Amino acid sequence: MATSVASGSGQLRFKDTIYKGHSCRQAYSVHNIAVTKCTQKELSWSNGVSKSVRINKINDFHPQSKQDYRDRIVGIKSCLRDGYNKYFDFAVIGSGVAGLRYALEVAKHGTVAVITKAEPHESNTQYAQGGVSAVLCPSDSVESHMQDTIVAGAHLCDEETVRVVCTEGPERIRELIAMGASFDHGEDGNLHLAREGGHSHHRIVHAADMTGREIERALLEAVKKDHNIFMFEHHFALDLLTSQDGSETVCHGVDTLNTETQEVVRFMSKVTLLASGGAGHIYPSTTNPPVATGDGIAMAHRADAVISNMEFVQFHPTALADEGLPIKPKEPRENAFLITEAVRGDGGILYNLSKERFMPTYDQRAELAPRDVVARSIDDQLKKRNEKYVLLDISHKPRDEILTHFPNIARECLQHGLDITRDPIPVVPAAHYMCGGVRAGLQGETDVRGLYVAGEAACTGLHGANRLASNSLLEALVFARRAVSPSVDHMRNSSSRPDRGATRWWARPVPPRSLGGGALSNIVRRTREVRKELQLIMWEYVGIVRSTIRLENAEKRIGELELEWEAYLFQHGWEPTMVGMEACEMRNLFCCAKLVVSSALARHESRGLHYTVDFPQLEESMRLPTVIFPASPVNSSWSSRQLHRQQIL
């Protein structure tokens, strides 16, 4: 896909105009994408995306006049049920820290549906080991935390966003503690603050090496006690329900698939929050749980939301390398086991298999360098030495200290014959975090009216080109809280709300019951094969170190693979409005993979997590976020169109 990069004086202006992306000739079937750049001052998250970004969109649903539109819209009654239609004031997609924290606040003002793909605890939050960064020590400062964040982000961070998050973070931690979250304390009775790579001070609040699990526990306990919050487990979000009000896209809720009953359930809501996590499973090895297939980012893109900075995929430098364990796991893991950044922060040293320490030769910060630096250094060692993993050694620290700080890691390794108090841990980089996502303003607003975003699915401007360790949970907490006030105002004040009959505005997706068992089995089998093929393409061509020719090859091969897969589906009786778990995850993976590749091709420099051998240097003129605007979906693929916008075959 060709992309165009506008100059600072180009079409992207945030104060007083409608923004238009450049149309591009398509190399494969996807929305026309314009990857546009402007000056840092013009492209500020603090301008408020929903108030400033306007896009010319396809009028898929557009009443004859604005008055006609308003006449058909009335307020939704709280939590009404009409067959498989459900009505709420707020719909929250995702049950990690961002979704649950937001739900607890907006539940004070209305009914809330929390829609979660699996069990409520199954989210990226659950797997976060290290902790939450916040300025809680007198010797630390907001300015120091800001500087560490901006340096780690390769100076691509939005400074106002960084200041907001670093300033409000400590209060968000205190709120968690007041809700019952239990963090580690030192002998002096104060919170034990750890240090991780990229941080100049000890500022990581943690619960041993299971911080995310403890936060999730506390939030879920609070949610269970709130009678205004309704949890819908095993409901897979399919597509946002949107309409057009003039040039503005409006979100009215979401279609979901109950994966236990195979019924489509439609949630109509006054406000929708996307908190669905990242897209780690576009790669074959990831620390993310199986649910992280980029659903929220893909749905938002199909709904014409603006996407930003998708080229910046963070590979955690130290996932457990099963190949190096004395006792190998009996079955391949669905997600790689994370060895937290805190191990290096606590004094862990990286060696190659010849027991040579190598990090000081790459960076003066050695093991405490930011993740992008450490991951590239390990990758370089593995390629130069033709080895499968490196070693992370913490065994020189006191045994009791290791077991106190890292009990979960010690337990997991011991199950496979490795005692981390005596032996080094085999580690290898794995896909870990999406720094890009749905572009959000300072209150979590998107350019789609009624749609907010928080957590890993969002691109707030905090992380820039590389996320600083333990800033992700912090960002989720801060933006979930900041999105509450505008969400409540929107819920109370908006007159553009559909009545119960409005569910007929959108064609309802259908499970593939009309297909025979043999055809469906073949489709599922082929989809799983295609998923592995896509993941291998992404790892081989869009990994830690990139090049223009490899990115172009990835773009071509992904486009061909997508078209081949869709042809296979339709040849076997699949219809454009059919939905199934494997097929809909696959369409989201294709969508996110293409967003990553097109963004990477547009960045002609190496910055943070995006390193390309063709442009190995930083370019000051490129110190700008990548912004992807939607355009006409004519001739686009099944994966790129909303289900209710599908063309009839």
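## The largest cavity

In this predicted model, the lining of the largest cavity divides into 5 nonpolar, no polar and 2 charged residues. The lining residues are Val313, Phe315, Asp372, Ala375, Arg376, Ile544 and Leu609. Two elements, β13 and α9, each give two or more residues to this lining. Helix α9 supplies the largest share, with 3 residues.

The space inside the largest cavity is about 60 Å³. The count of cavities of 30 Å³ or more comes to 2.

## An aromatic pair

Phe315 also takes part in a ring pair, with Tyr283 as its partner. A ring pair is described by the distance of the centres and the angle of the planes. For Tyr283 and Phe315, the centres are 5.1 Å apart and the planes stand at 75°. The pair is edge-to-face. Tyr283 sits in the loop between β11 (263-274) and α7 (295-302), while Phe315 belongs to strand β13, so the pair ties together parts that are 32 residues apart in sequence.

Are these two residues buried or exposed? Tyr283 has a relative accessible area of 1%, so this residue is buried. Phe315 comes to 3% and counts as buried, because buried means under 20%.

The model has 13 aromatic pairs. Ring pairs also join Trp565, Phe570, Trp574, Phe590 and Trp638 into a cluster.

## The largest pocket

Along with Pro284, Ser285, Thr286 and Gln535, Tyr283 lies nearest the centre of the largest pocket. The pocket has a volume of about 1500 Å³, and 43 residues line it.

Which elements give two or more residues to this lining? They are β13 (313-320), α9 (371-385), β16 (425-434), α14 (517-541) and α16. Helix α14 gives the most, with 9 residues. By class, the lining of the largest pocket has 19 nonpolar, 8 polar and 16 charged residues.

## The nonpolar cores

In soluble globular proteins, nonpolar side chains tend to be buried together. The largest nonpolar core here holds 74 residues. Those with the most contacts inside this core are Tyr283, Leu534, Met538, Val542, Ile558 and Val596. Helix α16 (residues 581-602) gives the most to the core, with 13 residues.

Take Ile558 as an example. Leaving aside residues up to four places away in sequence, Ile558 touches Leu534, Ile537, Met538, Phe590, Ala593, Lys594 and Val597.

How values were computed. Residues are numbered from 1 along each chain as its sequence is written. This is a predicted model: local features need pLDDT of at least 70, side-chain atom pairs count only at pLDDT 80 or more; totals for chains, interfaces and linings use all residues. Side-chain values use heavy atoms; hydrogens and water are left out. A nonpolar core is a set of buried Ala, Val, Leu, Ile, Met, Phe, Trp, Tyr and Cys residues joined through side-chain atoms within 4.5 Å. Buried means under 20% relative accessible area, exposed over 50%, partly exposed in between (1.4 Å probe, protein chains only). Helices (H or I, at least four residues) and strands (E, at least two) are DSSP runs, numbered from the N terminus. Contact means heavy atoms within 4.5 Å. On a 1 Å grid over the protein atoms alone, a cavity is a set of points where a 1.4 Å probe fits but cannot get out, and a pocket is an open set with protein on both sides within 12 Å along at least five of seven lines; lining residues have an atom within 4 Å of a point. Grid points are joined across faces, edges and corners, and a volume is the space filled by probe spheres set on the points. Ala, Val, Leu, Ile, Met, Phe, Trp, Tyr, Cys and Pro count as nonpolar, Asp, Glu, Lys and Arg as charged, and the others, Gly among them, as polar. Rings of Phe, Tyr and Trp (its six-membered ring) pair if their centres lie within 6.5 Å; planes under 30 degrees apart count as stacked, over 60 as edge-to-face and the rest as tilted.
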